[in-house]
Amino acid sequence: MAKIDTNQKLIPTTTTCTTINTNTSKAKTSTIKYDFEVSPYRGELTEKNYYGSFSFNCSELTRKGVEFIKIDNFDFRFLGIDYGKTDLLFAEAVFRDGDFLGLTASGADFSFICGFFNLSEASFAYNVNSSFGAANVTFSLRQVTNDNFATVFAPEPSILMKVVV
């Protein structure tokens, strides 16, 4: 098992959308789920990190040009409030030629901004008590399981992640 320095971040470089049959059933998936961490570096909220996740069906992904894929689920706890997909004005996973660029989504007091050329440009902006702030966003691809908790999609770490210092 590889050891990763705690000062490094894992950043997905591509998302593989595969359909895999398990040995015990004919279950298939094309669901991709990302966990994310929001780390404010400007504004009133610099003392705390915020966490969430979102998922989407990647069967629409063509890997050609810029693509916006609507999300299926969204969970985010921000300032003591739990936000879901219905709390957002819009939310889409963004790709360029199959490379994940981040999330573009907006709620009443915050927005996720995807990268333009690569994921490292993705960010988060917020407005709390008329005070604006900004944050870094780190995404990590999550292994997806079916209702019986059998693995139906497991990303290949050597293909999907690169270590950024």
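Reader: Is Arg142 buried, partly exposed or exposed?
Author: In this predicted model, Arg142 has a relative accessible area of 33%, and it is therefore partly exposed.

Reader: And what does the side chain of Arg142 meet in a salt bridge?
Author: The side chain of Arg142 meets that of Asp35 in a salt bridge, at 2.5 Å from N to O. The pair links distant parts of the chain, since Asp35 belongs to strand S2 (residues 31–42) and Arg142 to strand S11 (residues 131–142), 107 residues apart. Asp35, at 22% relative accessibility, also counts as partly exposed.

Reader: How many salt bridges does the structure hold?
Author: There are three salt bridges. One of them joins Glu92 and Lys70, whose closest N and O atoms are 3.7 Å apart; Glu92 lies in strand S7 (residues 90–96) and Lys70 in strand S4, so this pair ties together parts that are 22 residues apart in sequence. Glu92 is buried, with a relative accessible area of 19%, whereas Lys70 counts as exposed at 60%.

Reader: Switching topic, in what order do the strands of the open sheet run?
Author: The open sheet has ten strands with antiparallel pairing, in the order S4-S7-S8-S9-S10-S11-S2-S3-S5-S6. Strands S4 (66–70) and S6 (81–84) stand at the edges with a single partner strand each, so one side of each is left without a neighbour in the sheet.

Reader: Where is Ser53, and is it buried or exposed?
Author: Ser53 is found in strand S3 (residues 50–57), and it is buried, with a relative accessible area of 8%. Leaving aside its neighbours within four places in sequence, Ser53 is in contact with several residues, including Asp35 and Arg142.

Definitions and conventions:
Residues are numbered from 1 along each chain as its sequence is written. This is a predicted model: local features need pLDDT of at least 70, side-chain atom pairs count only at pLDDT 80 or more; totals for chains, interfaces and linings use all residues. Side-chain values use heavy atoms; hydrogens and water are left out. Helices (H or I, at least four residues) and strands (E, at least two) are DSSP runs, numbered from the N terminus. Buried means under 20% relative accessible area, exposed over 50%, partly exposed in between (1.4 Å probe, protein chains only). Contact means heavy atoms within 4.5 Å. Two strands pair if DSSP finds at least two bridges between them. A salt bridge is a side-chain nitrogen of Lys or Arg within 4 Å of a carboxyl oxygen of Asp or Glu.
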